[in-house]
Amino acid sequence: MNLKNPISTTREQSERLLALGVKPETADLCYNCYFVSIPLDVNHRGANLFKDKKFIPSWSLARLLEMMPQYIDEREEVLLMIEPPIISYYDTRYKGQQHFTTNPNIFDNCVAMIGWLIKKGYFKKEYLIENP
């Protein structure tokens with residue numbers, strides 16, 4: 001299935017997020033074995049559902065952006081900027097990019113940015129599996 005305007009991460013993008021150690025229960029959608037996107041109950045994000053290999057977690061764009069920190073410094077000078085499809089952390093003090101992504105797919109950019117945030121220790125630990 002090739003959608004022009006996807007509503008959530010693809011199976012491959014979801015697998016990359018899981019490989020980075022992102023908890024599957026942070027997803028707000030999932031694919032069933034027929035690859036139909038299903039919304040998840042906010043209070044029960046599917047922790048038990050994902051134990052069944054028929055269900056694959058999937059993250060909406062809104063959820064991915066929500067999980068990224070607004071600022072990555074204590075002085076709140078390096079902030080998240082979104083200019084679709086580009087996602088960047090912009091240093092307002094030095095007027096330059098701290099880190100940015102340039103893929104034409106905004107979901108790929110979110111996955112890449114989350115990978116960078118995890119590597120640098122900026123991603124919230126509560127969204128990560130303890131020992132990925």
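Reader: How many bridges join E4 to E5?

Author: Happy to start there, with a predicted model in which local features need pLDDT of at least 70, side-chain atom pairs count only at pLDDT 80 or more, and totals for chains, interfaces and linings use all residues. Residues are numbered from 1 along each chain as its sequence is written, and side-chain values use heavy atoms, without hydrogens or water. Strands (E, at least two residues) and helices (H or I, at least four) are DSSP runs numbered from the N terminus, and two strands pair if DSSP finds at least two bridges between them. E4 and E5 run antiparallel, and the bridges joining them number six.

Reader: Which strands stand at the edges of the sheet?

Author: The open sheet has three strands in the order E4-E5-E6, with antiparallel pairing. Each edge strand has a single partner, so one side of it is left without a neighbour in the sheet; these strands are E4 and E6.

Reader: At about what angle does H3 run to E5?

Author: Axes are lines fitted to C-alpha atoms, for helices over the stretch in contact (heavy atoms within 4.5 Å). Angles run from 0 to 180 degrees between N-to-C directions. H3 lies across E4, E5 and E6, and its angle to E5 is about 40 degrees.

Reader: How many of the 15 residues of H3 are buried?

Author: Buried means under 20% relative accessible area, with a 1.4 Å probe and protein chains only. Among the buried residues are Phe107, Met113 and Trp116, and the cover includes helix H1 (11-20) and helix H2 (61-67). H3 is largely enclosed by the rest of the structure, because its buried residues number 11 of the 15.

Note on methods
Buried < 20%, exposed > 50% of the residue type's maximum accessible area, 1.4 Å probe, protein only.
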